[in-house]
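Open the structure in your viewer and keep the selection tool at hand. Please follow the stops in order.

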Amino acid sequence: MAEFKEISPNASVGQKVNNWLYNRFPTAYDAYKVHMSEYYAPKNFNFWYFFGSLALLVLVIQIVTGIFLVMHYKPDANLAFASVEYIMRDVPWGWLIRYMHSTGASAFFIVVYLHMFKAMIYGSYRKPRELVWIFGCSIFLMLMAEAFFGYLLPWGQMSYWGAQVIVNLFSAVPFVGPDLALMIRGDYVVSDATLNRFFSFHVIAIPLVLLGLVVAHLFSLHDVGSNNPDGIDIKAPDYPKDAQGHSVDGIPFHPYYSVHDMVGVAVFLMVFSAIIFFAPELGGYFLEYNNFIPADPLKTPLHIAPVWYFTPFYSMLRATTDTMVNVFCIIVALAAIWTFLKSRLSFMGKVVAVVAAVIAIVLLKTFDAKFWGVVVMGGAVIILFFLPWLDASPVRSIRYRPRWNYWLYGIFVVLFVVLGYLGIQPPSPVGTAIAQFGTVYYFGFFLLMPWWSRIGEFRPLPERVTFAH
């Protein structure tokens, strides 16, 4: 038991209450010190560092609004759509809660995508923060699952048919696919059983996992310390320290960054409120028009597409045609030839690489393009987990990498946005060709990173973080 802390009888009421709480719950005060008042962060954070706290804010918004929606929602195939309409039309302020939740889902992905991009350009996934990045990618994966399960709940046309299409993708998995799809649906088609299990996952299972991962993400970050735009570790043993042993370029998270983040929160809430009150559907991107029509298993919409935050990966799925599989085979063959002729591997290593390439080509031609599309879509997310070990650059931050790296990352972002746009549009020959190029670039960006991240002229790192008032 912690030592009991005494206080003067002449202390104010607030001080006495604070002392009473401290003596009975010292762990909370210790956690506050470790993660807030005595957690020293680099003093050169810029606007990119708003998005971590904004992600936490949106998570709270989603949980609170979700609780109020569950009070009136009916997870029943015959009543689900009507209960949503009841929330929108008859529940006091129900329309506001529903629009906050639907807009919050899109806001969550926008904030998380920007937060992940910040980590990529500043090397926040590099040693010793690999586990921080892995927890972050796990949060992203759980967020996708949460959004997918929640998307069916309104029981509108796009909800129903979108779920039907996505679940059917699992049937492309060899041997176990049909049984896997049946297990996910709980029936031979998307039905009341599917709605009930999706509701359970969306409301109970995934949020619990998500909260646990968020806590792990924050704890692991505060254990190793935050990165900064210069990619210099201010917790390094040889970094200059003040008289108290803290880094001379570190400042307490509270009150400095807790107040600093209020600027980002204020701007975010203004934009968030403007969308909710003036354009909650945002032209059909946040809420599709077909989802305001009750689900009809006998009437298929002309064009079925997932919500915008899934569409970059959906584009990769659609881009994986038989022609694309042939392109993959050619790429693997060329890589094997280059490895055999140019690499510094031993002869036996070269032989192993060629044999592996032959096996890969045989597998690519054995299974159909639909299966490889599912693999590509899943692989586009899973490959992010390996980023700390793919990046071989001698510096963390893009600030000190060769200038052409800016173009490399810029093209990556543009193509990712283009893939997202193409995923919303009906398929076309030109769109498919662009999506195929974007898919090859996306995977090439990561798979070739051990090579391209090492080449070029790197600028010298400063001795201390750069900061201007």
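The stops below concern backbone geometry in a predicted model.

Most residues other than glycine have a negative phi, and most peptide bonds are trans. The tour visits exceptions of both kinds.

**Cis peptide bonds**

Select Lys127 and Pro128, and look at the bond that links them. This peptide bond is cis, its omega being near 10°. To place Pro128, find helix α5 (94–122) and helix α6 (130–151): Pro128 sits in the loop between them.

Next, select His254 and Pro255. Which kind of peptide bond joins them, cis or trans? The bond is cis, with an omega of about 15°. Now show residues 253–278, which form helix α10; Pro255 lies in this helix.

**Positive phi**

Move to Phe175. This residue is not a glycine, yet its phi is positive, at about 70°. Its place is the loop that runs between α7 (157–169) and α8 (177–185).

The last stop is Leu282. Select the loop between α10 and α11 (311–319), where Leu282 is located. Leu282 is another residue that is not a glycine but has a positive phi, here about 50°. With a relative accessible area of 33%, Leu282 counts as partly exposed, because that class lies between the limits of 20% and 50%.

Methods. Residues are numbered from 1 along each chain as its sequence is written. This is a predicted model: local features need pLDDT of at least 70, side-chain atom pairs count only at pLDDT 80 or more; totals for chains, interfaces and linings use all residues. Side-chain values use heavy atoms; hydrogens and water are left out. Helices (H or I, at least four residues) and strands (E, at least two) are DSSP runs, numbered from the N terminus. Buried means under 20% relative accessible area, exposed over 50%, partly exposed in between (1.4 Å probe, protein chains only).
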